[in-house]
Amino acid sequence: MRLFNTLTRTEEDFVPADGTTVRMYTCGLTVYARGHIGNFRTFISLDVLRRALRHQEGYAMRHVMNFTDVDDKTINASQQAGMSLRDYTDLYIQAFRDDCATLGLEPVEENPRATDDANLRAMVDMIAQLKTHGHTYESDGSTYFRIATLPDYGKLARLDHEGIQAGVRVDTDTYDKQDARDFVLWKATKAGEPTWDYGCGPGRPGWHIACSAMALRLLGEGPIDIHGGGIDLIFPHHENEIAQAEGATGRQFSRFWVHVEFLHLDHKKMSKSLGNVYNVQDILDRGFKASALRYALISVHYRKQLTFSFEILTQADAALTRLTDFLARIDRVAGGDAHPEIASRVTAAREEFRSKIASDLNVPGGLGVMFELLREMNAAMDQEGGRALGAADADLIREAFEEFDKVLGVVAVRRREEAAPPVPEEEVRALIDERRQARRDRQFGKADDIRAGLEARGVILEDSPTGTRWKRK
RNA sequence: GGCGCCGUCGCCAAGCGGUAAGGCAGAGGUCUGCAAAACCUCCAUCCCCGGUUCGAUUCCGGGCGGCGCCUCCA
């Protein structure tokens, strides 16, 4: 498939280095608070990438997504909560897992956390390698990376060394650096902070080293195939990851870099520090479905800014309802002949969908292909009293839409949401029977009351020549 | 100041050199006791001005407007 590579700023053909297994690392959440839907835009987009590589392109996946469970924010927040860092971050790791499940993200192969023993050791080992190659210096017990020792530093973010102006901004970091452009690898312990000592002196890892070290520990030596995350991570985080991994090993770190654009709210990026955030639970509390949120977040290309609003959720929900109504209708098709022209139309749509997705993950384009097919198949079912589309055709159509959803992952979420009916099925059936009798007796007022009563309880009735159907609201 | 992105129908959004996909909303119609669902019909020359070209929404230049990174951030 074609993938836009931030490293080259061009779209390139992507094939895993070994031809079969994609080794991918994506930056996860700093677990000091619940992730917001801007964070999840990135995670869902990368989930779609994962699904496309796996289910469409047919590659095996070795995908690592980390948890940053030690930094200033996690430490401060845990102390305010009066909890140990581990216990505190456990809370938000669990919340993250819940949200991922709600939004239908596929579990990845590994979810390392920075403070696990094996990971801390890998970080310290990498720092030792960097020291051997002369890329480090120490100051007040902390270890820093001296970027002046790496000539191609800045190649990902396309910043020249002068562009990163020393001392222009106030550094929130209170540690001493020789050059504002340098960054910390290992922070010396401060009073009351968690501390580890594996050979760099007592302290804790810097943010960037965790990702470099865990990526290579779990995915093997570089270059890995893909590294991804939010667009804000290009600089400094990913730039520094490259500096560390390549400075330590002398090998390219990652062949492809994939970055997801921001989600905006009120024309600004949604971020915890700006305070303009909604998390997944907030959306659910307002009566929207997670499936609608997922749909809305994938309906804009991942490299374009997406402006969030409740209106787009409403629109997404309506589109999704049309989709699931269609699939339910396909499931009702019984008997009838197979039609070659339907089969070839479905095959063509599958091919078009694949090619959209293979074109740098053009999900909106893929949705267009899907809905075009949907309309045509609905039209076919309307023709010849239903004879124009037979059960064998329906099987092919169902298969096609299952294939689409392997990548989109949106119908699966909707189905799970609808697993439990809001009114017991026996009761719905009894009321439908009662209403049928009322209609026969031409007591339409009573019939309408039953329908309205069920709708108020979340069940919609639809009359058809073959009887009355019901569905969830 | 440096680097970069974006501006397509009321809303959301693909396309990116050959004359504008799709979704939502809306209008009319078919079907229906009425609805709903579904289908049919209708609903845009792509921010502005230049340039290149037989031809530009698509390329180039200049405006105007929105946003991002350069600092913790998905």
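Visitor: Which residues of H4 are buried?
Guide: In helix H4, the buried residues are Asn119, Leu120, Ala122, Met123, Val124, Met126, Ile127 and Leu130, where buried means under 20% relative accessible area, with over 50% called exposed and anything in between partly exposed (1.4 Å probe, protein chains only). This is a predicted model, in which local features need pLDDT of at least 70, side-chain atom pairs count only at pLDDT 80 or more, and totals for chains, interfaces and linings use all residues. Residues are numbered from 1 along each chain as its sequence is written, chains are lettered from A and ligands numbered from 1 in the order in which they are written, and side-chain values use heavy atoms, with hydrogens and water left out.

Visitor: And what do those buried residues pack against?
Guide: They pack against several elements, including strand S5 (136-139), strand S7 (183-188) and helix H6 (234-249); helices (H or I, at least four residues) and strands (E, at least two) are DSSP runs, numbered from the N terminus.

Visitor: How many residues does H4 have, and what comes after it?
Guide: H4 covers residues 117-132, which makes 16 residues, and its first and last C-alpha atoms are 23 Å apart, close to the 22 Å expected at 1.5 Å a residue, the expected span being 1.5 Å times one less than the number of residues. H4 is followed by Gly134, whose phi is positive, near 75°.

Visitor: Which residues come nearest to the RNA?
Guide: Of the 59 residues around RNA strand B, Trp207, Gly230, Leu233, Lys269 and Met270 come nearest, and a residue is near if one of its heavy atoms lies within 4 Å. Helix H11 (residues 363-382) gives the largest share of that surface, ten residues.

Visitor: What part of the RNA does Asn362 meet?
Guide: A polar side-chain atom of Asn362 lies 3.1 Å from a sugar or linking oxygen of RNA strand B, a polar contact being a pair of N or O atoms within 3.5 Å.

Key. Contact means heavy atoms within 4.5 Å. A polar contact is a pair of N or O atoms within 3.5 Å; within protein, one must be able to donate a hydrogen and the other to accept it, and residues adjacent in sequence count only if both atoms are side-chain atoms.
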